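Hello,

Here is the structure I promised to send over. Please open it alongside this note, and I will walk you through what turned up.

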Amino acid sequence: MALQTFEWKDKPALIEHLFPVQKISVESYKEQMAGAGKTLIGLGSYWKGRKPLILNKACILGTLLPATDQPLKDLEIFEMLMGMDSQSMQKRLQAKLPATKQEQVGEFLVLPYNEQVKGAKRAEKLPSTLYSHIWSTVNEHLGTTAYSFPELVEQMGMARFGRRPRLADVFCGSGQIPFEAARLGCDVYASDLNPIASMLTWGAFNIVGASKESHHEIDKAQKQLAEQVQKEIDELGIETDGKGWRAKVFLYCVEVKCPETGWMVPLIPSLIISQPRTGTKNNVVAKLVPVPAEERYDIEIVEWVDGRELLAFKNGTVQNGEMIHSPDGSTTYRTKISTIRGDYKEGEENGNRLRMWEKSDFIPRSDDIFQERLYCVQWIRRKETGSGDEYEFRSVTVDDLAREQKVIDFVGAHLEEWQEKGGIPDMVIEAGDKTSEPIRTRGWIHWHHLFNPRQLLVAGLVRQKMNEKLVFAMTRLVNQNSRLSRWDGNSGGGGCVQAVFDNQALNTLFNYGCRGFEQVRNLLNKTSAFSEIPKVAIDVFPRLAKEIETENDIYITDPPYGDAVKYEEITEFFIAWLRKNPPEEFAHWTLDSRRALAIKGEDEDFRRGMVASYRRMAEMMPDNGIQVLMFTHQSGAIWADMANIIWASGLQVTAAWYVVTETDSALRQGANVKGTILLVLRKRHQELTTFRDELGWEIEDVVRDQVESLVGLDKSVRAQGAEGLYSDADLQMAGYAAALKVLTAYSSIDGKNMVTEAEAPRQKDGKTFVDELIEFAVQTAVQFLVPVGFEKGEWQNLAAVERFYLKMAEMEYQGSKTLDNYQNFAKAFKVRNFDQLMSDAYKANSARLKLSAEFRGGMMSGDAEIAGTPLRALLYAIYEVGREIEVEDVLLHLMENCPNYLSNKPILAKMADYLAEKRESLKATKSFRPGTEVSAARILAEAIRNQRL
Ligand SMILES: C[S@@+](CC[C@H](N)C(=O)[O-])C[C@H]1O[C@@H](n2cnc3c(N)ncnc32)[C@H](O)[C@@H]1O
């Protein structure tokens, strides 16, 4: 019988019971690594921190699908819908492997899942036939009659909410979540405080998700735009040398007067202009040729410099914040840039002698401290014979300077009018964390000061012809062509001009690259990815999260928790270009970053902003509505913060999951490795009351249930020959989740109203009632996770640091080696200096514990957490056995080193056995030889047990 409307009204959602986080992590990671291959990235690579579409898909489906009494079947259906089942994987592998290598598909299919994914295409890259095999099985299990995602989603929506599901993301950023929702067939509401975010989201629906015909039209319009601007530039004659070459890149540098010599010195950090990684000969350098009569340097460009000579050009005239030059080649003059700038400090105020540029300025005035100079041009033309282009770097000529003047004159003549009409920004830069840098280091106080005359000219011409469909071409252009665009001489084609936002700051540069139109055309012309969105209702605009006015069934949000990216500042770089006379579609939007209203940081304001937003979402959600709140796992305080926010918003946690989404390069950057936590939330309907004493039992029960159900499912899956679903870290997370789940279900604990408690201001460094509760809950949860082989009482008697070490040995045995795991567990076990226990050889993604031989005699006593513990004594004994010291002597030392040796004897033997077992299967590498450790631990365990006293 067909599914009835509201038949699933009160059914728990799949994501509240199971979620194959390991596989989803692998898929998410693959998408994050795809770089330019990400579906929405073409609209704006400057937007950082995009949540992977595949993760969003998993969350959306997870909130709609029901959890039935057949979890294995539920899982099978979910994996099919995700393109993660073996038949889909086969298709994905076939699609990636070349025709000649199709026989390898079978070989891939027996590898672990992450290896399969490496060799396969992402599911979203395949046509809908990827799913052709799944529908009958899906329909049979769910009672649906769907043959596509929109059909399935609509039917599931009817069964739950009595309508096509409405999904909202009120912190939509670049639109990754709502785009995926619309693509699957939900009606969506997407908003963000930031207009650039809203614009990117609009683009996701209306450019990437457009129909095929509109897509063609957009491509055509972009092409036309490029042609028109090219024509105007050609007419001006500012980018050609008259001999068939076109300018590819212009290189500019700052030039200053040396206070010691009076010479004008170009500030160029490295005089190597081009050093392509391939080949050793086509290197290009800038030679500074002193002109004593005029007290300045000529800059001569030399091509084909031999690799060996290159070294002499590596260091230019700015090194470590100092200007360095030598007019006669023997005396070197050094002056701090800060001195040149005239930095001073008066009382609290820092300042310098730079003149603040005015609205009419676009080049330095002749008496400004920082001048600007064109010092090299890279030219390009079609090869006369053969195919492709050839290029060369040349010194600046008199003709070049004449062309520069032409550009300056042209911009000078039009600036005021263009600014008036909005073709060039006239917006003032508001000081801020990131936005103060251009003001402080250059005196640039208007956004257009970040562009030189050539850049203003091209962007201005493009801007005049822009409409909402071309706005992305426009923002791509300004991101790639500004005074903040770094010249990178190491990439192909002799080098390339990098984007302003290849980091998340607004760093000013001493030298930079300016693209000739040759290099702009491709930015304007770019065809975006294409993935048509089915006919669904879509709302998108800039709005505060707490101002949402429509009811939605599902909320999936990724709020700005302790966000390192200052979207509210850096996006003003783009807002400046759109603000006046905006494209019609955005004309009624507030084109302002509304910095003051952005939720940011981690303090009181943050909590208040979050509570206002989530409370409103809870209000605008039916009683059976569901939410997924994503956040990055950063600090220990986060659990209490989240509990507070959830309590105060009238919501409660029903499940939590941990997904690793960070890319490899992010892993390498620092020790703070991050994953994403997903909290599943429902409205808190009842007013339940409890007491702390009772909470302990309840938390234990819930943790046990949750862990057992996860472990049970894991076992069943393994029994079928498949890989496990969960690692220990996931179980750990389940522990935290259970804690939150129990706590947030109550509105009153120990007679305290939790909503009021949650809203109480946090005392500096003081612990709130909520902090204490969370701590208590988490401890209860973690302690429940006793490793196999230990009795509960025994385990609890160990010191935290011992439990941590032993637990992590088990994790290593399970193949886990990311540093964030150690961090998470260290927090849970309250181990302060866990790095003392880590092998020196560790890296963020191949971390491991020290073996006994790496501890040697260290940390036996003193203030290290492990000092003086039975485990420390045991490790020392293992080390000694490994060094072939007589076992009898080793035991004597052990008796001396281990406190209460007699009563600790059984646990010592147990720990030795345990460590031997956990390390047995570890593979040896050059720096890591567990073999000795294993046999020594075994010998010792035996010896302890047989010892007669
Ligand atoms: C972490 S980002 C979301 C990223 C997004 N999920 C993606 O994949 O691109 C958080 C967003 O919250 C927005 N934001 C900050 N404060 C806000 C507020 N009070 N109301 C609405 N949006 C806000 C920021 O502009 C930012 O785009």
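How far from a nitrogen atom of the ligand does a backbone N or O atom of Ala545 lie? The distance is 3.0 Å, which falls under the heading of a polar contact (a pair of N or O atoms within 3.5 Å; within protein, one must be able to donate a hydrogen and the other to accept it, and residues adjacent in sequence count only if both atoms are side-chain atoms).

Before going further, a word on the source. This is a predicted model, in which local features need pLDDT of at least 70 and side-chain atom pairs count only at pLDDT 80 or more, while totals for chains, interfaces and linings use all residues. Residues are numbered from 1 along each chain as its sequence is written, and side-chain values use heavy atoms, with hydrogens and water left out.

For Lys51, a backbone N or O atom lies 2.8 Å from an oxygen atom of the ligand. The protein covers 96% of the 600 Å² of accessible area that the ligand has on its own (areas come from the Shrake-Rupley method with a 1.4 Å probe; for residues, only the protein chains shown count as cover). There are 23 residues around the ligand, and those that come nearest are Lys51, Ser174, Asp192, Asp558 and Ile599 (a residue is near if one of its heavy atoms lies within 4 Å).

**The sheets**

Helices (H or I, at least four residues) and strands (E, at least two) are DSSP runs, numbered from the N terminus. Two strands pair if DSSP finds at least two bridges between them.

Seven strands make an open sheet in the order 18-2-1-19-20-22-21, and its pairing is mixed. Strand 18 (538–542) and strand 21 (651–659) are its edges, each pairing on one side only. On average, neighbouring strands of this sheet are turned by 15 degrees against each other, direction ignored (axes are lines fitted to C-alpha atoms, for helices over the stretch in contact, and angles run from 0 to 180 degrees between N-to-C directions).

Within that sheet, strand 20 (residues 626–632) and strand 22 (residues 676–683) run antiparallel and are joined by six bridges. Val628 stands opposite Val680 of strand 22. Helix 2 (residues 53–64) lies across several strands, including strand 1 (166–169) and strand 19 (554–557), and runs at about 150 degrees to strand 20.

An open sheet of three strands has the order 8-9-10 with antiparallel pairing. Its edge strands are strand 8 (318–319) and strand 10 (333–336). Two bridges link strand 8 to strand 9 (residues 322–325), and Gln319 faces Glu322 there.

Strand 3 (residues 246–257) pairs with strand 4 (residues 264–267) in the antiparallel sense over four bridges. Glu255 has Pro266 as its bridge partner in strand 4. This hairpin has six residues between the strands, and Gly262 takes a positive phi near 80 degrees.

**Some residues to look at**

Asp74 sits in helix 3 (residues 71–81). Is Asp74 buried or exposed? Asp74 counts as buried because its relative accessibility is 3% (buried means under 20% relative accessible area, exposed over 50%, partly exposed in between, with a 1.4 Å probe and protein chains only). A polar atom of the Asp74 side chain lies 2.7 Å from the backbone nitrogen of Thr68. Leaving out residues up to four places away in sequence, Asp74 touches several residues, among them Leu14, Leu18 and His141 (contact means heavy atoms within 4.5 Å).

Thr508 is in the loop between strand 16 (496–497) and strand 17 (511–515). Thr508 is buried too, with a relative accessible area of 15%, and its side chain makes a polar contact of 2.8 Å with that of Thr441.

Helix 9 (residues 176–184) is mostly covered, with nine of its nine residues buried. Gly185 follows helix 9 with a positive phi near 115 degrees.

Phe6 has a positive phi of about 65 degrees although it is not a glycine; Phe6 is partly exposed, at 41% relative accessible area. Asp750 likewise has a positive phi, near 50 degrees, and lies in the loop between strand 24 (748–749) and strand 25 (752–753).

Best wishes
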